[in-house]
Amino acid sequence: RKSYVVKGMAFSPDSTKIAIGQTDNVVYVYRIGEEWGDKKVICNKFIQTSAVTCLSWPAENVIVFGLAEGKVRLANTKNNKSSTIYGTDSYVVSLTSNMSGKGILSGHADGTIVRFFFDDEGSGESQGKLVMHPCPPYALAWASNSIVAAGCDKKIVAYGKEGSVIQTFDYTRDSSEKEFTTAAASPGGQSVVVGSYDRLRVLNWSPRRSAWEEGKPKEIAHLYAITALAWKRDGSRICVGTLCGGVEQFDFCLRRSIYKNKFEMTYVGPSQVIVKNLSTGTRVVLKSQYGYEIDEVMKDRYLVAHTSDTLLLGDISSNKLSEVVWQGSGGNEKFSFDNENVCMILNTGELTLVEYGSNDILGSVRTEFMSPHLISVRINERQQRGVEENKRLAYLIDIKTVATVDLVGGYNAGTISHDSKIDWLELNETGHKLLFRDKKMRVRQ
């Protein structure tokens with residue numbers, strides 16, 4: 001007890017605390033504060049019956065750790081109590097969580113991989129013993145589409161959601177390869193880095209092939225065995241700890257480009273792009289919540305990106321991002337950004353509205369008149385007593401007829417017919433009054 005080893009270390013989700021798992025049968029939680037100079041104090045102490053072997057902090061107030069006696073336990077920082085989630089008869093060699101932090105995997109010395117959900121989020125996936133890996137899975141990662149495990153047999157195996165083998169990367173014939181010691185999935189779940197001796201191997205998920213693709217390995221002489229891996233939350237960098245006490249940091253991206261000397265686009269995964277404003281330094285992470293591969297991104301204050309089945313939209317200044325289901329139309333859409341609250345998409349006689357920050361289409365109407373002077377949208381621009389949401393649209397059905405739509409209720413609020421061609425229209429802030437002008441330069445209300 002006078003001599004111990006730190007076997008696990010994890011930040012809380014808000015990064016104001018850090019948990020330390022030790023071989024002298026204890027887990028300490030330190031409050032480190034938000035600033036570098038804040039006072040550091042021990043705020044929790046959890047005494048165990050055997051050595052702590054690995055540790056994770058997947059959710060607020062919930063620390064999960066493995067013990068040498070085979071138990072996987074939970075420590076609640078709010079009530080300062082710990083309890084056993086499940087027990088096995090085999091030493092816990094690794095522990096990881098899914099991207100939401102609501103599910104965990106534990107790897108054991110006998111090769112068993114066990115899955116447990118705090119909340120399966122409606123997936124219906126099974127719990128309990130999932131896989132019997134051929135060797136102790138010291139390298140274990142839970143990516144978005146599969147579970148990746150590796151160990152001393154020089155093989156990386158990707159398992160499906162119910163434990164079936166999807167892919168195997170076999171390096172047994174590579175004499176320079178040593179056992180795999182640790183693995184980590186990127187925050188987006190689209191990439192997995194696996195560490196061994198003097199080498200990092202990278203696997204990237206290809207949505208179009210539904211398979212893992214191996215990138216070029218990163219080889220560094222005299223780095224020695226890699227013992228720890230940690231990703232930056234936006235997936236742009238990864239830190240590597242080594243047996244000899246070294247800590248290395250690597251940029252991680254598939255490609256990087258500069259747009260009009262204003263924006264830097266960093267593709268950190270097939271479905272995630274970091275957009276950085278070079279003049280202000282502000283960053284926006286554009287990510288497909290469905291895991292679809294992002295094609296080229298249109299850049300300026302407003303972002304537009306296509307995937308195979310969705311459309312991503314965003315406002316950099318407000319950091320409001322949207323992803324809506326969208327069937328490809330050959331890239332023939334025209335986008336109007338005249339309204340700060342909503343993106344107007346014009347495509348083959350159809351006008352579609354998407355409110356920034358919402359993942360549902362706000363409304364869609366048929367019209368042949370796509371000029372921004374002939375479309376007016378008002379989104380909660382003036383607070384009204386007794387009205388929580390007020391979203392209205394005015395557009396032309398034909399050159400002499402204006403229609404107004406209540407976008408909250410999804411119904412036609414009114415139609416106005418005129419005796420002359422209309423060339424400009426505008427709703428007031430509440431959307432209850434309409435001003436329009438005809439070709440004879442007459443303004444009507």
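1. Start with Thr-404, which you'll find in strand 39, covering residues 401-406. Keep in mind as you look that this is a predicted model. Thr-404 counts as buried because its relative accessibility is 13%, and the cut-off for that label is under 20%. Leaving aside residues up to four places away in sequence, Thr-404 touches Leu-393, Ala-394, Asn-412, Ala-413, Gly-414 and Leu-427.

2. Now the chain as a whole. How many helices and strands does the protein chain have? The count is zero helices and 43 strands. The C-alpha trace spans about 90 × 50 × 45 Å along its principal axes. Among contacts between residues at least 6 apart in sequence, 36% join residues at least 24 apart.

3. On burial and surface: of the 445 residues in the protein chain, 50% are buried. The accessible surface comes to about 22100 Å², and carbon and sulfur atoms account for 47% of that surface.

4. Next, charges. Side chains of opposite charge can pair when their charged atoms come close. Here the count comes to 19 salt bridges. I'd look at three of them, taken one by one below.

5. Arg-201 and Glu-177 form a salt bridge, with 2.7 Å between the closest N and O atoms. Arg-201 sits in strand 19 (residues 199-206), while Glu-177 is in the loop between strand 16 (165-170) and strand 17 (182-185), so this pair ties together parts that are 24 residues apart in sequence. Are these two residues buried or exposed? Arg-201 is buried, and Glu-177 is buried too.

6. Asp-251 and Arg-237 meet through their side chains in another salt bridge, at 3.2 Å from N to O. This pair links distant parts of the chain, 14 residues apart: Asp-251 is in strand 24 (residues 247-251) and Arg-237 in strand 23 (residues 237-242). Asp-251 counts as exposed because its relative accessibility is 51%, and the label needs over 50%. Arg-237, at 35% relative accessibility, counts as partly exposed.

7. Then there is Lys-391 with Glu-355, a salt bridge whose closest N and O atoms are 2.7 Å apart. Lys-391 lies in strand 38 (residues 391-398) and Glu-355 in strand 35 (residues 350-355), so the pair ties together parts that are 36 residues apart in sequence. Why do both partners get the buried label? Lys-391 counts as buried because its relative accessibility is 8%, and Glu-355 counts as buried because its value is 17%. The cut-off is under 20%.

8. Last, a surface feature. Which residues form the negative surface patch that includes Asp-14? They are Asp-14, Glu-34, Glu-35 and Glu-60. Asp-14 itself is in the loop between strand 1 (6-11) and strand 2 (17-22). With a relative accessibility of 53%, Asp-14 counts as exposed.

Note on methods. Residues numbered from 1 in each chain as written. Predicted model: local features only at pLDDT ≥ 70, side-chain atom pairs only at ≥ 80, totals over all residues. Heavy atoms only, no water. Patch = residues over 30% accessible without salt bridge, like charges linked within 9 Å, V, L, I, M, F, W, Y side chains within 5 Å. Areas by Shrake-Rupley, 256 points an atom, 1.4 Å probe, with all protein chains shown as cover. Salt bridge = Lys/Arg side-chain N within 4 Å of Asp/Glu carboxyl O. Lys, Arg positive; Asp, Glu negative; His and termini not counted. Charge placed at Lys NZ, Arg CZ, Asp CG, Glu CD. Helix = DSSP H or I, 4+ residues; strand = E, 2+ residues; numbered from the N terminus. Buried < 20%, exposed > 50% of the residue type's maximum accessible area, 1.4 Å probe, protein only. Contact = heavy atoms within 4.5 Å.
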